[in-house]
Structures are given as structure tokens and as C-alpha cells.
Amino acid sequence: MYEPRGSWVAIPTPFHPDESINFPAFERLIALHAEHGSCALLVMGSAGEATLLSGDERRQVIDRVAAFARGKLPVFFGTTCPSTRETIALTRYAEERGADGVVLVVPPYVTPPQDAVYEHFLAVARSVSIPVAIYNNPTRVHVNVEPSTIARLNREAPNLFIDKEAMADPSQITEVLALTAGRVRVLCCDFPKYGLIAPVLALGGSGTANVTGNVAPAEMAALSAPWSGRVDLEAWRREYFRLLPLMKAMYWFTNPIVIKAGLNLLGFEVGSVRRPLTDLRGPRVQELDALLDELGVKERYTGWLASNARVLVAT
């Protein structure tokens with residue numbers, strides 16, 4: 001079983017100008033994270049514009065990205081669909097094509113009651129043998145997956161053992177860890193207004209599930225390392241507050257608007273977002289560019305990209 005420890009980065013789906021999927025850009029992103037310490041990638045989550053991809057495109061992404069990443073780093077695919085039946089079908093497809101795991105969110109818009117949430121996740125988790133993670137994001141789906149539900153699911157389906165939390169309440173994490181005696185590994189969102197990173201690591205959480213690592217992978221890998229043994233808290237605090245302006249910037253607008261703008265500024269050519277989203281425009285682009293420059297990430301990763309240009313030539 002995969003053991004999440006550190007920085008789990010939710011990456012965007014790169015597009016060509018005609019909105020077709022840019023698979024060579026996917027390969028560049030995988031190489032970037034494999035070399036800079038990310039513990040795993042989340043593909044086709046909200047940062048991957050999953051709801052704006054067709055069913056055929058989602059299967060293509062699973063096929064191609066699972067092959068690209070094999071032997072380099074684990075990749076978990078978002079496989080949530082509107083219904084349980086469709087979600088099971090896509091989750092099984094991901095397992096068959098070599099996914100390391102999947103991430104499930106409560107299907108958006110339907111706002112099911114807690115018992116229905118439990119039955120949905122249980123049915124999907126039991127349909128496969130690969131690791132299953134829950135992404136608990138009440139802001140997006142208007143349903144909180146209660147800690148007791150997560151604990152119950154883990155008892156009934158042990159392959160469901162990762163909880164990616166975007167709940168602005170540290171007591172949620174406390175309850176999940178207490179009720180599962182550490183069997184469920186908790187990763188937290190890096191959205192600064194949730195303020196979860198320090199509490200999660202202090203409580204024994206496994207790391208972060210973040211978007212800032214798209215433009216600062218090594219930095220977020222260091223910041224997200226679990227607190228085991230002696231931890232230099234002063235150094236950790238300094239790095240946290242140094243990166244805080246960048247974390248805030250990554251959430252100026254809905255994902256992946258700023259993510260794609262940042263990666264394009266670094267030279268990774270991930271293209272535009274799909275409508276109805278719109279690209280980052282105006283003074284914010286210059287502000288983001290200046291911030292990437294000030295923190296030293298622009299020089300670091302544009303330099304890495306340039307030095308690896310021959311290796312990363314599209315095939």
C-alpha cells in the first residue's frame with residue numbers, strides 16, 4: 001500500500017491552444033515533481049478541471065499519465081462522476097490501467113445525506129483493491145464527510161485509508177486521527193484561510209495535499225514533511241511565512257486559474273483554462289510574476305526546465 005508522507009500536489013490538465021490535451025506537458029510536470037520531492041500527484045481533481053473533461057478525455061488521461069509516471073512517482077486519479085455507477089466504472093478503469101490510487105469527492109450538486117455518502121464511498125472502495133482517498137471539501141460540494149463516517153468507511157473498506165481535508169476546523173482532523181488510531185492518513189489543503197498545515201503536522205498528520213507545489217515543488221515538499229522525531233520549528237516557521245504570500249496568491253481565484261498562470265510564467269506551457277473559467281489577466285499576472293521572482297522559484301524551475309529541455313522533448 002502507498003504511504004502518503006509529505007507533499008501531494010494537485011496538478012492541472014495541460015491544454016494545447018485548440019483545447020486538446022497536451023500530453024507532452026503532462027510528461028514535463030511529472031518529471032518536475034519526480035525530481036523535486038513531491039510524494040504523489042493528484043490528477044483530474046478540481047485543479048485538473050475534471051468536470052470540464054469529457055469521459056473519453058478522462059480515460060485518455062488515465063491511460064497516458066499512468067504510463068508516464070510508472071516507476072517515477074505515485075499518481076492518484078480523481079474518478080468522481082455524477083452517479084455511483086459511473087464512479088465505480090471509472091475507478092475500475094483506473095485500476096486496470098495501472099493507477100496507484102484514486103481520490104473521491106462527494107458528487108457535486110446533489111448534496112446527499114451522510115448515510116448516502118457512506119454507502120457511495122463504500123461501494124466504490126469495495127469495487128477495487130487499490131488505495132482510495134477521500135477528498136473532504138465542503139466548500140465545493142456543500143457536504144462535510146463526518147469523522148465518524150470516515151472511521152466507519154475505513155473499518156469496512158481498509159483500502160480507503162487516506163483523508164485529504166479541506167475543512168476549516170482542526171477538530172475534524174483530531175477526530176479522524178483519534179477515531180482511527182492513525183489507520184487513516186490525513187493530508188491537509190494548503191489554503192491559508194483554513195490554517196491547517198501546522199495543526200495537522202503537529203497532530204501526526206502525513207503532510208499536505210496542495211496546489212502551491214505546482215510552482216514550488218521542492219519548497220512544499222520540505223514544508224509538508226511529517227513531524228517525526230526532532231523538528232526545527234523555528235526553521236519550519238520561517239519557511240512557512242516565507243511561502244505564505246505564494247500560498248495566498250495560488251487561491252486568488254478558483255483553481256486552476258492561478259496554477260496555470262504560474263506554470264506558464266515558469267515556461268511549462270500548460271495552456272489556458274477551459275470556459276467558463278477565464279485565464280489570469282491584468283496586473284495580477286505581473287504581481288504573480290514578481291512574487292515567483294522574489295521567492296527564487298522562477299530562477300530555480302525555469303533553470304531546471306532549460307537544463308532538461310533535451311530530455312523532455314515531446315515524443
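Here are some notes on the predicted model above, taken one local feature at a time.

1. Start with the pairing of α1 (residues 23-35) and α2 (residues 55-69). Their axes come within 10 Å and cross at roughly 40 degrees.

2. Pro147, Thr149, Ile150, Ala151, Leu153 and Asn154 are buried.

3. Thr79 is worth a click. You'll find Thr79 in the loop between β3 (75-78) and α3 (84-96), yet its relative accessible area is 0%, so Thr79 counts as buried. Leaving out residues up to four places away in sequence, Thr79 touches Arg58, Thr87, Leu90, Thr91, Ala94, Val102, Val103 and Leu104.

4. On cysteines: searching the whole structure turns up zero disulfides. For Cys189, the nearest cysteine sulfur belongs to Cys188 and sits 7.4 Å away; a disulfide would need the two sulfurs within 2.5 Å. Cys189 is buried at 7% relative accessible area, and Cys81 is buried too, at 12%.

5. If you plan to check backbone geometry, note two cis peptide bonds. One runs from Asn255 to Pro256, with omega near 5 degrees, and Pro256 lies in the loop between α10 (233-249) and α11 (257-265). Another runs from Arg275 to Pro276, with omega near 20 degrees; Pro276 is in the loop between α11 and α12 (283-294).

6. Which residues other than glycine have a positive phi? Thr111 is one of them, with phi near 45 degrees, and His142 is another, with phi near 65 degrees. Most residues other than glycine have a negative phi, and most peptide bonds are trans.

7. Both of those residues sit in loops. Thr111 is between β4 (101-104) and α4, and with a relative accessible area of 41% Thr111 is partly exposed. His142 is between α5 (138-141) and α6, and at 63% relative accessibility His142 counts as exposed.

Key: Residues are numbered from 1 along each chain as its sequence is written. This is a predicted model: local features need pLDDT of at least 70, side-chain atom pairs count only at pLDDT 80 or more; totals for chains, interfaces and linings use all residues. Side-chain values use heavy atoms; hydrogens and water are left out. Buried means under 20% relative accessible area, exposed over 50%, partly exposed in between (1.4 Å probe, protein chains only). Helices (H or I, at least four residues) and strands (E, at least two) are DSSP runs, numbered from the N terminus. Axes are lines fitted to C-alpha atoms, for helices over the stretch in contact, and angles run from 0 to 180 degrees between N-to-C directions. Contact means heavy atoms within 4.5 Å.
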